[in-house]
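Subject: Structure handover

Hello,

Here is the structure I promised to pass on. Please open it first, then read my notes below.

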Amino acid sequence: MEKEGRIRDPEGLNIETSSIIKDDQIKLKEDPASAHTIGNDSWQQVSLLMVTTFNSGWIMSFPNVMLVPLGWAWGIIVLVLIGFMSAYGNWLLAGFHFIQGERFIRYRDIMGFLFGKKMYYVTWLIQFSLFFLGNMGFILLGGRALKEINLVFSDTTMRLQYFIIITALVYLMFSFAVPNLSALRVWLGASTILTFGYVVLVFVTVVNDGKSKRHIDYEVKGSTMDKVFNALGAVSAIVLSNNSGMIPEIQSTLRKPAIKNMKKVLCAQFTLALMVYYGVTIVGYWAYGSEVPDYLPKAITGPKWAKVLINSAVFLTNVISQHMFLQPVHEALDTKFLKVEEGTYSRENIKRRFVLRSFLFTVNTVVAAALPFMGYFINVLGSFTLVSLTFIFPSIIFIKVKGKSARTVQKAWHWTIIFVFTLIAAATTISAFRSVVISVKNYHFFSNQ
């Protein structure tokens, strides 16, 4: 276990004329430094991780936040376009795992190496804001699932905040017991069974509900201004559904050849995983139309046992998903504060890791309990942060690394991506904050919604 590596000053490097070569042909200048395991996992293991984590309980909100604001025609068009561009952006970024003999295991390290310390800290701020907000959303979603289970057995239930606390405690204990992504190996089989089991059950129950309805309203409601802002929020949610904002961090766990293996992982994500969460999105909207709630199981009218199983699986699969999406934060804290000379499971490092993760989850839990507006977290996540990390930054990196060696058409294509998605980032961010302002007016702190 090593301390976090320093950020190199790119001055004097002839980056503009460098090119990306196969990682199995590269002689590294030095090993990357991290408290977590690097280069240990097979592409099959990481593919399973991506497929299951991208089909977590978040997909239960997708029909409401994606298709209700867009309707059928625009909804399908935007799903396809964002899915394609997300696959392209992630594929492009995966190719920059090695630059000039350096291996980059963190997104912020790439940006710092190429553009200096200011961009290192900008990327750090964007990424960690994303991960903190995402984890609050996972905590809230787990609490919502537990509350729905309780409502099946009782007409009266505890406040949502109690279920949020229970969820956070489970997440904390899991993160403490499973210190890094590689240690998830033994949990992925159970996670895969749970994921596909509850998705199949959701499909069956939702389709039965849809067949029983004589009339379903698909009209996009609201004033013209509301429709525009809601549509931008839907774009944010679709960006979120396809992206993690942590491709270099995930790629760091892969065995050699890391670039080739990461592209295999991305193929699995943007075929199998995408078909599942897009499928739930489309079926949910088809069955309930514009009346689909922000948490799909609330609309299911099937047997009680089906609701219990779905919500139980949502809760359990979220344990794995939140652990993956919060892993860069754990890695940063562990690399900074754990003892370098001792092993991961030494007594001192176990104590330090428990303190660090307890503090992290305490902060996340308090905020999630105070602001339980799950749908709006999705819009914030998919706006400025993920648009920048997925679309804008990879094209900036391409232009910097390829420089004069790139064809004019290639440079024009990437400048177009930068320009278009900068506008989209600005528009979706404004829309996201508008939604938050409206929700603050309609709800009070620690609302039991």
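A salt bridge is a side-chain nitrogen of Lys or Arg within 4 Å of a carboxyl oxygen of Asp or Glu. Keep that cut-off in mind. Also note that this is a predicted model.

**Salt bridges**

The structure holds 11 of them. Take aspartate 294 and arginine 144. Their closest N and O atoms are 3.9 Å apart, and the limit is within 4 Å, so the pair counts as a salt bridge. The two residues sit in distant parts of the chain, 150 residues apart. Aspartate 294 is in the loop between helix 10 (258-288) and helix 11 (304-325), while arginine 144 belongs to helix 5 (residues 117-153). Is arginine 144 buried or exposed? It is buried, at 3% relative accessible area. Aspartate 294 is partly exposed, at 23%.

Next, look at arginine 434 and aspartate 226. Their side chains meet in a salt bridge, 2.6 Å from N to O. Arginine 434 lies in helix 15 (residues 408-442) and aspartate 226 in helix 8 (residues 224-242), so this bridge ties together parts 208 residues apart in sequence. Both ends are partly exposed: arginine 434 has 22% relative accessibility, and aspartate 226 has a relative accessible area of 27%.

Salt bridges with shared partners join Arg106, Arg108, Asp109 and Glu331. Within it, aspartate 109 and arginine 106 meet at 2.8 Å, N to O. Aspartate 109 is buried, with 13% relative accessible area. Arginine 106 is buried too, at 2%.

**Cavities**

How many cavities of 30 Å³ or more does the structure hold? There are 6.

What kinds of residue line the largest cavity? The lining has 11 nonpolar residues, 8 polar and no charged.

The second largest cavity has a volume of about 160 Å³. It has 17 lining residues, with His36, Glu249, Ser252, Gln327 and Glu331 closest to its centre. Glu331 also belongs to the salt-bridge network above. Helix 12 (residues 327-337) gives the most to this lining, with 3 residues.

Best wishes

Note on methods. Residues numbered from 1 in each chain as written. Predicted model: local features only at pLDDT ≥ 70, side-chain atom pairs only at ≥ 80, totals over all residues. Heavy atoms only, no water. Buried < 20%, exposed > 50% of the residue type's maximum accessible area, 1.4 Å probe, protein only. Helix = DSSP H or I, 4+ residues; strand = E, 2+ residues; numbered from the N terminus. 1 Å grid on protein atoms, 1.4 Å probe; cavity = no way out; pocket = protein on both sides within 12 Å on 5 of 7 lines; lining within 4 Å. Points joined across faces, edges and corners; volume = space filled by probe spheres on them. Nonpolar A, V, L, I, M, F, W, Y, C, P; charged D, E, K, R; others polar.
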